[in-house]
Amino acid sequence: MPKLEIPPDPFDDAGMDVAEAFMRLVVRYFAATADSSGRVSTALTPGELARRFDEPLPQNGTSIEAVLARLEHEVLPDCNRLTHPRSMGHQVSAPLPVAVWTEALTAAVNQSGAVWEMSPVGTVIETQVIRWMCDLAGLGPEAGGTFTSGGTEATFAGLLAARQAAIPDVWTRGVGANPPVVVCGEHAHYGVARAIGELGLGTDRAVAIPSRHFKMDVGALEQELDRLRRDGRTVMAVVATSGTTATGSFDDLEAIGRLCEARGVWLHVDGAHGASALLSGTHRHRLAGIQYARSIAWDPHKMMLMPLTASVVLVRDERDLEAAFSQRAPYLFHARDGGRRFDQGLRSFTCSRRIDAFKVWVALQRHGANGLGALYNHLCANAGTMHALLTARPDFVTIHEPESNILCFRWIGDGTLNDERLDPLNLRLREAYNRAGTGWITTTMLGGRRVLRVTLMNPRTTATDLARTLDDLSEIGKQLQAEDNIV
Ligand SMILES: Cc1ncc(COP(=O)(O)O)c(C=O)c1O
């Protein structure tokens, strides 16, 4: 008989010494990014980073000290530092520390949200958090939903429910030869078109409505709905956006909702970015009319400052979501209490899933809805400050008034360059600025022109940081223009 090796006890790592060592690493990261002194992002290329980690599969374990040292010296320094005050890039938050700490607990208890018996408290807390969010949206007593992996999945699930309502036998028979269309704004997130493709409708069935001031033109929407009706086309859903990706603008849900309600059309609101305004007394009005939605995507991992991931799909009638995922799995789904099943897998694209609701629930305990609303206000106020700074400067132009914490603008330098030269210059400006490391911004195209874009997701960002960002951009812009003139 071969002698069996007894492996080292992996739970030796469960003690306070190892826990503290990991925590100290995170605390040092928070501390090191508290002021604006360090770099925001790496200067290394993907290839250079890949070479660092290009090594054989570790056959044997090593000491915890060695692992921590690699994390500290090889991993952390080249991560994007979202808690740095001049990190102003994509819509990913500088996460709330209390939610960060909760992540360890969520992983430790490792409850699967698919079924109640695997997550007795988790599914109930998830249901409660969903209830609070439905109430904030004014969705009524039949409403419900589930956590998802992100806004993309939430919109997919909302549109899946809309497809089920439009084609009741779709689960067994498919979408047929003449599937319905989905109408959305021209600035809708790409996840909408992706969902339309995934749902088997064909992306040709996506109808884009033009914008006015970056919001869906409601007059054009009405005309399009009329035209589709005349042509005998079924509209599966209208997708409105509350907080567009490019400019953070809010569609007029009151007008769009009334139109949809009058015509019996499913309204999906992509509030991945902006639905968190429901927590803010100052900004909630931007979502007036959201109660008309049949489904809503809302990402706490954006403006509720949760670490990735925390996202929900909400539906006005929870049975719509259950119908969309109508599946029999008697070995899994059987927990019933007072008529409602707490098995979230009944309503979810996924089976095994961590309870992201824990951290949202903890953040709400710690800060309250008012505290999170105040943070939302603060981030939007920062965008207002930056807009005012831009307006006062001759070397930039603003593109829109901020309605949230997203702002697009353009560097124009001394004003002598035409649009054709400014487009590539603004693109290079963003690249050079980010590489320099003192800040981090993004860029997009608006109206065919290259613009610079910031998303202010970090409560640590101050007016001084905003002013410094513009100064640094301007300085680099001038250098690029000078180099261009020499060439
Ligand atoms: C309006 C909107 N919808 C959906 C998404 C996608 O969300 P996620 O990245 O969580 O899937 C985004 C994110 O960038 C967004 O801005």
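A residue is called buried here if 20 or more other C-beta atoms lie within 10 Å of its own, exposed if 12 or fewer, and partly exposed in between, with C-beta atoms placed from the backbone. The structure is a predicted model, in which local features need a pLDDT of at least 70 and side-chain atom pairs count only at pLDDT 80 or more, while totals for chains, interfaces and linings use all residues. Residues are numbered from 1 along each chain as its sequence is written.

**Around G158**

Colouring residues 151-166 shows helix α6, the element that holds G158; helices (H or I, at least four residues) and strands (E, at least two) are DSSP runs, numbered from the N terminus. If neighbours within four places in sequence are left aside, G158 is in contact with H268, S295, A297 and V313, where contact means that the C-beta atoms of two residues, placed from the backbone, lie within 7 Å.

G144 belongs to strand β1, residues 144-148, and it counts as buried because it has 23 C-beta neighbours inside 10 Å. Apart from neighbours within four places in sequence, the contacts of G144 are I130, C134, V315, E318 and L321.

**The ligand**

Which residues come nearest to the ligand? Of the 15 residues around it, these are G150, G151, T152, H189 and A272, a residue being near a molecule if its C-beta atom, placed from the backbone, lies within 6 Å of it. The shell divides into 1 nonpolar, 12 polar and 2 charged residues; in this scheme Ala, Val, Leu, Ile, Met, Phe, Trp, Tyr, Cys and Pro count as nonpolar, Asp, Glu, Lys and Arg as charged, and the others, Gly among them, as polar.

**The nonpolar core**

Next select V182, A237, V238, L267, I296 and L314, which have the most contacts inside the largest nonpolar core, a set of 109 residues. Such a core consists of buried Ala, Val, Leu, Ile, Met, Phe, Trp, Tyr and Cys residues joined through C-beta atoms within 7 Å. Helix α13, residues 357-391, supplies the largest share of this core, namely 13 residues. Domain 2 (111-353) and domain 3 (369-486) both give residues to the core, so it lies between them. To look at one of its members, centre on V182, which, leaving aside neighbours within four places in sequence, is in contact with L159, I196, L201, R205, A206, M236, A237 and V239.

**Backbone details in the loops**

Most residues other than glycine have a negative phi, and most peptide bonds are trans. The peptide bond from L308 to T309, however, is cis, with omega near 0°, and T309 is found in the loop between α11 (300-303) and β9 (311-315).

N110 has a phi near 45°, a positive value in a residue other than glycine; it lies in the loop between α4 (97-109) and α5 (120-136) and counts as exposed because it has 12 C-beta neighbours inside 10 Å. H213, with a phi near 50°, likewise has a positive value and is not a glycine. Its loop runs between β4 (211-212) and β5 (215-216), and H213 is exposed, with 10 other C-beta atoms within 10 Å.

**Helix α3 and the whole chain**

Move to V67 in helix α3, residues 64-75, where the residue is partly exposed, with 15 other C-beta atoms within 10 Å. Its C-alpha lies 14 Å from that of R24, a residue 43 places away in sequence.

Finally, zoom out and colour by domain: the protein chain is divided into domain 1 (10-32 + 42-79), domain 2 (111-353) and domain 3 (369-486), with bounds that come from an automatic or database domain assignment. The C-alpha centres of domain 1 and domain 3 lie 34 Å apart. The C-alpha trace spans about 80 × 65 × 45 Å along its principal axes, and 43% of the 487 residues count as buried. Among contacts with a separation of 6 or more, 75% join residues 24 or more positions apart.
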